[in-house]
Amino acid sequence: MTRYASVLDLIGNTPIVDVSVLSPKPNVTILAKLEGRNPAGSVKDRVALSMVDAAERDGRLIPGRADQTLLEPSSGNTGIALAMVCRLRGYHLKVVLPTNVSLERRQLLVAFGAEIIDSPGNEGSNGAVRLAQSLSNDHPEWTFLYQYANPANPLAHYTTTGPEILADVPEITHFVAGLGTSGTLMGVGRYLKEHRPEIQIWAVEPPSGETVDGLRNLDDGYVPPIFSDNDGERLLDRKVIVRPRESIEWTRRLTEVGLFSGLSSGAVVAGAIKCAATIEEGRVATIVTMIADDGWKYL
């Protein structure tokens, strides 16, 4: 068995499992990349490490200095991943977290030593972003990594997730992922398009005014800068709407194949099912989708 020097070396190279039993068409294969197998339990492990590494390279963070404080808004997973990285690197982390985030995510943040700053639950992740921006302005001595605008976010997926997918599934025809910070879609999408322009990139979002944890609708008034900076509207081939109820239904359906995921993953799989339904009879297609995390943090 492989021996690793640090738990951070376990980030990435996550497995892919065939969930085609859920596909509405026998000619369409659906494969799920299991990001919950990352050490802190989600796809955001990749982003957290990438952002901290980038901040250390450009001098915003100095390794070994324990008096440095990081600030980040999160609905849970990015905060948890950053808390793990900061615990190992010796930085103090303040996470701006909506009050309606599940107890399990709060407990894990505390276990890793993060400090939680509450933002109004009814304002969701957009409210957490606004409060974090305000706090950053008031405390310029804090390092504000800001996943929504940090190029190290999509870069993590361009350099790791995208290459992993293409190497493991060279026959991929469609990539379906949730629209949150947009880092996964921008990074993986750009990598896949550069190597195989015919691959379709589909984004899953909730309806405007409705909430699915970890996802956002751009019509609700906040467009992540990394989406604009990476020409997201041009990169995406299609956006598909998945309602909260569908997210819950497909989260439950995933247990039929032995996967217990978070709600955003249920939404993304629902989007993959809708994608599969558009494939004409007789045409072979392979859809790769992301299971962003496991479901134990939402119980």
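The following legends describe close-up views of a predicted model.

View 1. Six strands make up an open sheet with mixed pairing, arranged in the order S1-S2-S10-S7-S8-S9. Strands S1 and S9 (238-241) form the edges, each pairing on one side only. On average, neighbouring strands of this sheet are turned by 25 degrees against each other, direction ignored.

**View 2. Pairing of strands S2 and S10, with helix H10 across the sheet.** Strand S2, which spans residues 28-34, pairs with strand S10, residues 285-291, in the parallel sense over seven bridges. Within this pairing, Leu-31 stands opposite Val-288 of S10. Helix H10 (residues 263-277) lies across S2, S7 (174-178), S8 (200-205), S9 and S10. The helix runs at about 170 degrees to S10.

**View 3. Strand S7 and its surroundings.** Five of the five residues of S7 are buried, so this strand is largely enclosed by the rest of the structure. Both faces are covered: His-174, Val-176 and Gly-178 are buried on one side, and Phe-175 and Ala-177 are buried on the other. S7 pairs with S8 in the parallel sense over five bridges, and Val-204 in S8 is the bridge partner of Gly-178.

View 4. Ser-182 is located in the loop between S7 and helix H6 (183-195). Its relative accessible area is 2%, so Ser-182 falls under the 20% limit and is classed as buried. When residues up to four places away in sequence are not counted, Ser-182 touches Pro-224, Ile-226 and Phe-227.

**View 5. The salt bridge between Arg-89 and Glu-56.** The side chains of these two residues, Arg-89 and Glu-56, meet in a salt bridge with an N to O distance of 3.0 Å. Arg-89 belongs to helix H2 (residues 77-89) and Glu-56 to helix H1 (residues 44-57), so the pair ties together parts that are 33 residues apart in sequence. Arg-89 has a relative accessible area of 25% and is therefore partly exposed.

**View 6. The salt bridge between Asp-213 and Arg-105.** Asp-213 and Arg-105 meet through their side chains in a salt bridge (3.1 Å, N to O). The pair links distant parts of the chain, 108 residues apart: Asp-213 is in the loop between S8 and helix H7 (225-229), and Arg-105 is in helix H3 (residues 103-111). Asp-213 counts as partly exposed at 31% relative accessibility, whereas Arg-105 counts as buried at 3%.

View 7. Asp-231 forms a salt bridge with Arg-234, and their closest N and O atoms are 2.8 Å apart. Asp-231 is partly exposed, with a relative accessible area of 37%, while Arg-234 counts as exposed at 59% relative accessibility. Elsewhere, salt bridges that share partners join Lys-33, Glu-35, Arg-46 and Glu-164 into one network. The count for the model comes to 22 salt bridges.

**View 8. A nonpolar patch on the surface.** Tyr-4, Val-7, Leu-10 and Leu-88 form this patch, and together they have about 350 Å² of accessible area. Tyr-4 is found in the segment before strand S1 (16-18). At 45% relative accessibility, Tyr-4 counts as partly exposed.

Methods. Residues numbered from 1 in each chain as written. Predicted model: local features only at pLDDT ≥ 70, side-chain atom pairs only at ≥ 80, totals over all residues. Heavy atoms only, no water. Patch = residues over 30% accessible without salt bridge, like charges linked within 9 Å, V, L, I, M, F, W, Y side chains within 5 Å. Areas by Shrake-Rupley, 256 points an atom, 1.4 Å probe, with all protein chains shown as cover. Salt bridge = Lys/Arg side-chain N within 4 Å of Asp/Glu carboxyl O. Helix = DSSP H or I, 4+ residues; strand = E, 2+ residues; numbered from the N terminus. Buried < 20%, exposed > 50% of the residue type's maximum accessible area, 1.4 Å probe, protein only. Pairing = 2+ DSSP bridges. Axes fitted to C-alpha atoms, helices over the stretch in contact; angles between N-to-C directions. Contact = heavy atoms within 4.5 Å.
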